Amino acid sequence: MDAQTIIARRVAKELRNGDLVNLGIGIPTLVANYVPSDLKVFFQSENGLIGTGPIPEQGMAHPTLTDAGGRPISALPGASTFDSAMSFGLIRGGHVDVTVLGGLQIDAHGHLANWMIPGKMVPGMGGAMDLVSGAKRVIVAMQHAAKGKSKIVAKCTLPLTSARPVSLVVTDMAVIGFPDGKATLLETAPGVSIGEVMAVTEAELTVPDSVPEMKI
Amino acid sequence: MKAVSVEEAVAMIPAGASVMVGGFMGVGTPERLLDEVVRQRKTGLSLICNDAATPGKGVGKLFDAALVSRLTATHIGLNPKAQQQMLANQIAVDLVPQGTFVERIRAGGCGLGGVLTPTGVGTLVAEGKRQIEVDGKPFLLETALRAQYALVHAFLADYLGNLAYALTSRNFNPVMAMAADTVIVTADNIVPVGVIAPDHVVTPAPLVDFLITNG
């Protein structure tokens, strides 16, 4: 199983019946592929839709039905549409149960940096700051390390997305939570040892007596 | 509301004007108005739009023609031309969180001086802004945003100017239709009064100043 699939499958296990969920671009988008069919989850697209469905079949796309990247999507039965003030009212107002976002860095207290690399990449924050500030649970889905360098750092060197810590980080190697504001190893990926996780984690990581393996 | 040709409508907009344009990645954008803005070469625009779309699409055309001097947006990462113009200091760019962006415009259209939002507290976005505590929680004071012109696209407009929108092309259009001195609208379909039921009107007719004729 490749890194992205491990992450997406594990994040999907966090979703509950009836949840309103917002998925960011990249790995988070893949989470929708692993939601069990008996689970009723509402996916929001922040450009104004609850009830996003899969990419439409060839020839069935409509120019006014798109995701936040402007790509064609479909709408499921029971979908609803609304303007951007409503969409971000849902996000900031705590009506979104779970948001899943990509990350560049997470620090030892759960602070996320994911919107710019000064001097290199300044695309703008889009909806990321509102999502991290307002969703009930914020889950970060990302690779544990990039080019051998830990993305889970003692202190973020990149600009923060929010002062509010995230709820959970799911990587290809581990699940990390932040009880009492301290990065804590909750699970390891199949075939990955605690030692291997520690070796590629720059942040200080609390390791409980029992660390189960991810069930994916 | 007055029905006018696209040429007449754009001729009213002076160079250097502040212009809000509806749309999200070019979806729900008044393309015919933008084509005419490019044709009449309205330079030095102060553009307020969620994003910079992509080259050749939506407001992306304004960057292709180098007509923008100031941009207030939430994300320009998918338009390399807008990025280049920003890095070369040809345009001054103010990047705003998307929820803050829409609330500032909503405030501008609703007679409010601004809004208090938790978004951006403790980040670069907070620099130079007042932080206000309400019930012990920190909020940023984000001021209202208005423009001289709003260019809006609807799915349906009736002969009076009542508007309804389609699916995800609604996005910022109804909010911007409240927040500009002059509101200019294109619609996919212009229909008789009554076709849009009162409950389905999203933007009421008195908000629309000019409707671009079809055909």
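This is a predicted model: local features need pLDDT of at least 70, side-chain atom pairs count only at pLDDT 80 or more; totals for chains, interfaces and linings use all residues.
Biologist: What radius of gyration does chain A have, beside that of a compact globule?

Modeller: The C-alpha atoms of chain A fill a box of roughly 50 × 40 × 30 Å along the principal axes. Because chain A has 216 residues, a compact globule would have a radius of gyration near 17 Å, and the value for chain A agrees with this, at 17 Å.

Biologist: Of the contacts in chain A with a separation of 6 or more, what percentage comes from residues 24 or more positions apart?

Modeller: Two residues are in contact here if their C-beta atoms lie within 7 Å. Among the contacts of chain A with a separation of 6 or more, the part made by residues 24 or more positions apart is 64%.

Biologist: Which strands are at the edges of the open sheet in chain A?

Modeller: This open sheet has nine strands with mixed pairing, in the order E4-E3-E2-E1-E5-E8-E12-E13-E14 of chain A. An edge strand pairs on one side only, and the two that do so are strand E4 (74-81) and strand E14 (184-188) of chain A. From one strand to the next, the twist of this sheet averages 25 degrees. The edge strands asked for are thus E4 and E14 of chain A.

Biologist: Which residue of E5(A) stands opposite Asn22(A)?

Modeller: Strand E1 (residues 20-23) and strand E5 (residues 98-101) of chain A run parallel and are joined by three bridges. Opposite Asn22(A), the residue in E5(A) is Thr99(A).

Biologist: At what angle does helix H1 of chain A run to E8(A)?

Modeller: Helix H1 (residues 3-12) of chain A lies across E5, strand E8 (137-141), strand E12 (168-170) and strand E13 (174-177) of that chain. Taken between N-to-C directions, the angle of H1 to E8(A) is about 165 degrees.

Biologist: Which element gives the most residues to the side of chain A that touches chain B?

Modeller: In this pairing of chains, 31 residues of chain A are in contact with 35 residues of chain B. Two elements of chain A give two or more residues to that side, namely helix H3 (84-92) and helix H4 (128-134). The residues on the side of chain A divide into twelve nonpolar, 15 polar and four charged. With five residues, the element that gives the most is H3(A).

Biologist: Ala53(B) and Asp135(B) have positive phi values without being glycines; is each of them buried or exposed?

Modeller: Ala53(B), with phi near 50 degrees, has its place in the loop between strand E3 (45-48) and helix H3 (60-64) of chain B. Asp135(B), with phi of about 50 degrees, lies in the loop between strand E7 (131-134) and strand E8 (137-143) of chain B. Because 27 other C-beta atoms lie within 10 Å of Ala53(B), that residue is buried. Asp135(B) has 4 C-beta neighbours inside 10 Å and therefore counts as exposed.

Biologist: How far apart in space are Asn214(B) and Phe139(B)?

Modeller: Asn214(B) is found in the segment after strand E12 (210-212) of chain B. Since it has 13 C-beta neighbours inside 10 Å, Asn214(B) counts as partly exposed. Asn214(B) and Phe139(B) are 75 residues apart in sequence, and their C-alpha to C-alpha separation in space is 45 Å.

Notes:
Residues are numbered from 1 along each chain as its sequence is written. Chains are lettered from A and ligands numbered from 1 in the order in which they are written. The radius of gyration is taken over C-alpha atoms; the globule rule is 2.2 Å times the number of residues to the power 0.38. Helices (H or I, at least four residues) and strands (E, at least two) are DSSP runs, numbered from the N terminus. A residue is buried if 20 or more other C-beta atoms lie within 10 Å of its own, exposed if 12 or fewer, and partly exposed in between; C-beta atoms are placed from the backbone. Ala, Val, Leu, Ile, Met, Phe, Trp, Tyr, Cys and Pro count as nonpolar, Asp, Glu, Lys and Arg as charged, and the others, Gly among them, as polar. Two strands pair if DSSP finds at least two bridges between them. Axes are lines fitted to C-alpha atoms, for helices over the stretch in contact, and angles run from 0 to 180 degrees between N-to-C directions.
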